[in-house]
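Here's a quick tour of one protein model, written for someone just getting started. Have the structure open while you read.

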Amino acid sequence: MKQNGATKVTFYHSPQIPLELHKVRIVQKLHLKPVDERVEAIKKGGFNTFLLNTEDIFLDMLTDSGTNAMSDNQLSSMMHADDAYAGSQSYYRLEKAVQEIFGTRYFLPVHQGRAAENIISQVFIKKGDVIPMNYHFTTTKAHMELNGGAVHEIFADEALKIKSTHPFKGNIDAEKFNSLINQYGAEKIPFVRFEASTNLIGGQPFSLANMKMVKSIADAHNIMIVLDASLIGENAWFIKQREPEYANATIKDILNEMCSLADIIYFSSRKLSSTRGGGICTHSKDLYLKMRDLIPLYEGFLTYGGISVREIEAMAVGFYETTDETVINQSPSFVAYAVDELDKLGIPVITPAGALGCHVDAMGFLPHIPQAEYPAGALAAALFIASGCRGMERGTISSVRDENGDDLLADMELLRLAFPRRVFTLSQTMFLIDRIKWLFDNRDLVGGLRFVEEPPVLRFFMGRLEPVSDWPEKLAEKFKSDFGDSL
Ligand SMILES: *Cc1c(COP(=O)(O)O)cnc(C)c1O
């Protein structure tokens, strides 16, 4: 069966197997170190997986940011980059790609996604403003609060259910949006923010029907829509899979329609189309001019925005590749495989499977660890000890403290295992699943963590923790008694 140039392959006997429609031509050697060295490495890294050195890591599933595999076409495009401070042809190729894929007229390059958040927040958010959104992202919230705004998450209640069959857990709840407008007044709401494939709640998409409904409310009150498009390719792919009206639409048409509903679209190209860079797009000259002058101030001249021209070329090619289903379905289909297999083993994971990674529910996995002892952080450290695989804590460590210095407990305690596009193989994925199963069967051995060094802003990046007992050594002992001298 042909779909928009992509061939849909159906297996006869093993329907769950994700099939790669690419081949590997450049490889990087990996190391799997013995369990005692893994314990030493996580100690040295302050039980924070951000502080590990990749020489100690087997599968690096920390993030999809800047780690997707590049295509041969992206790499070769970098060779004809045009080095120029101003007016580089590379920039104009990128501008054309963005205009074509997003359908927007104006484009501003920035060095990465959070730089776009800085500029949008500085220009549009005043002290006392309220910004409704489906869910926050860490850097988004930090920039909005720095400019005096308050983030209000108005997701549908289903969004935080671990086990669900809801196809669009990233939807905005229209009633909550209306009551927020009534409570604060539209003049306090500069924009409503949609995040594509909502990162922190499991890569969950929103539907186009939902976006249209929210736009009709926003339009009635003159509130702008800002779309965080960092993971828009996957969200568009889920729309095609799960929203019947779009089953026969092309990904490009879906992307165009999503962007036509937003006033401002911004993205991190570290996820979307390359390994660096970002951008802000709009249909409106007025909005463009409001943001434009901050680009040379914070990023660089308008035709490079802090990005190297080689990366700009790769971004442009990546934009076109994002419309290819065999490219954008690669990460979600591996995520779906891992989620289904873990679910079958009785391991608590977020369902339905979303974009960018498999999300293990740490409170379900480690019910004996109180949230104040950071179960998701403990699970990330324990999985590293058990497998050499690095995931990311997305729970209370990634949250902040309130004015009294108490932890604001996160809605969910998740261990995110990212599947960067076209990076890992199926057998590596099966190894990961096998070690998670071992850890699940030995979960009583895992204990909590506490901070020993805690930075005041974005503490999850640089903070150092320690275990509340000698549980890492006990876990390693059990590993050695079960696996012998095997890694
Ligand atoms: C990664 C990400 C950002 C920030 O982008 P950077 O390039 O890391 O600065 C913003 N929003 C979302 C949804 C992201 O996933």
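Leucine 356 sits in the loop between α15 and β10; helices (H or I, at least four residues) and strands (E, at least two) are DSSP runs, numbered from the N terminus. Keep in mind that this is a predicted model, where local features need pLDDT of at least 70, side-chain atom pairs count only at pLDDT 80 or more, and totals for chains, interfaces and linings use all residues. Residues are numbered from 1 along each chain as its sequence is written, and side-chain values use heavy atoms, with hydrogens and water left out.

- Leucine 356 has a positive phi of about 60 degrees, although it is not a glycine.
- Is leucine 356 buried or exposed? With a relative accessible area of 2%, leucine 356 counts as buried (buried means under 20% relative accessible area, exposed over 50%, partly exposed in between, using a 1.4 Å probe and protein chains only).
- Threonine 351 belongs to the loop between α15 (330-344) and β10 (357-361), and it is buried too, at 12% relative accessible area.
- Leaving out neighbours within four places in sequence, threonine 351 is in contact with Ile162, Lys163, Ser164, Lys169, Val339 and Asp343 (contact means heavy atoms within 4.5 Å).
- The peptide bond from threonine 351 to proline 352 is cis, with omega near -10 degrees. Proline 352 is found in the loop between α15 and β10.

**Strand β10**

- β10 is mostly covered, with 5 of its 5 residues buried.
- In a regular strand, side chains alternate between the two faces of the sheet.
- Here, Gly357, His359 and Asp361 point one way from β10, while Cys358 and Val360 point the other way.
- β10 runs antiparallel to strand β12 (residues 414-418), and 5 bridges join the two (strands pair if DSSP finds at least two bridges between them).
- Across from glycine 357 you'll find alanine 418 in β12.

**Around the ligand**

- How many residues surround the ligand? There are 13, and the closest are Gly113, Arg114, Asp228, Ser268 and Lys271 (a residue is near a molecule if one of its heavy atoms lies within 4 Å of it).
- By class, this shell has 1 nonpolar, 6 polar and 6 charged residues. Ala, Val, Leu, Ile, Met, Phe, Trp, Tyr, Cys and Pro count as nonpolar, Asp, Glu, Lys and Arg as charged, and the others, Gly among them, as polar.
- A polar side-chain atom of glutamine 112 is 2.9 Å from a ligand oxygen atom.
- For serine 268, a polar side-chain atom lies 2.6 Å from an oxygen atom of the ligand, and lysine 271 also has one at 2.6 Å from a ligand oxygen.
- Taken alone, the ligand exposes 380 Å², and the protein buries 98% of that (areas come from the Shrake-Rupley method with a 1.4 Å probe).
- α4 (113-124) and α10 (269-272) are the elements that give two or more residues to the shell, and α4 provides the largest share, 3 residues.

**Two phenylalanines**

- Phenylalanine 47 lies in the loop between α1 (35-44) and α2 (72-77). Its phi is positive, about 50 degrees, although it is not a glycine.
- Phenylalanine 47 is buried, with a relative accessible area of 6%.
- Phenylalanine 451 is in strand β13 (residues 449-453) and is buried, at 15%.
- Phenylalanine 451 and phenylalanine 47 are 404 residues apart in sequence but 9.4 Å apart in space, C-alpha to C-alpha.

How values were computed
A polar contact is a pair of N or O atoms within 3.5 Å; within protein, one must be able to donate a hydrogen and the other to accept it, and residues adjacent in sequence count only if both atoms are side-chain atoms.
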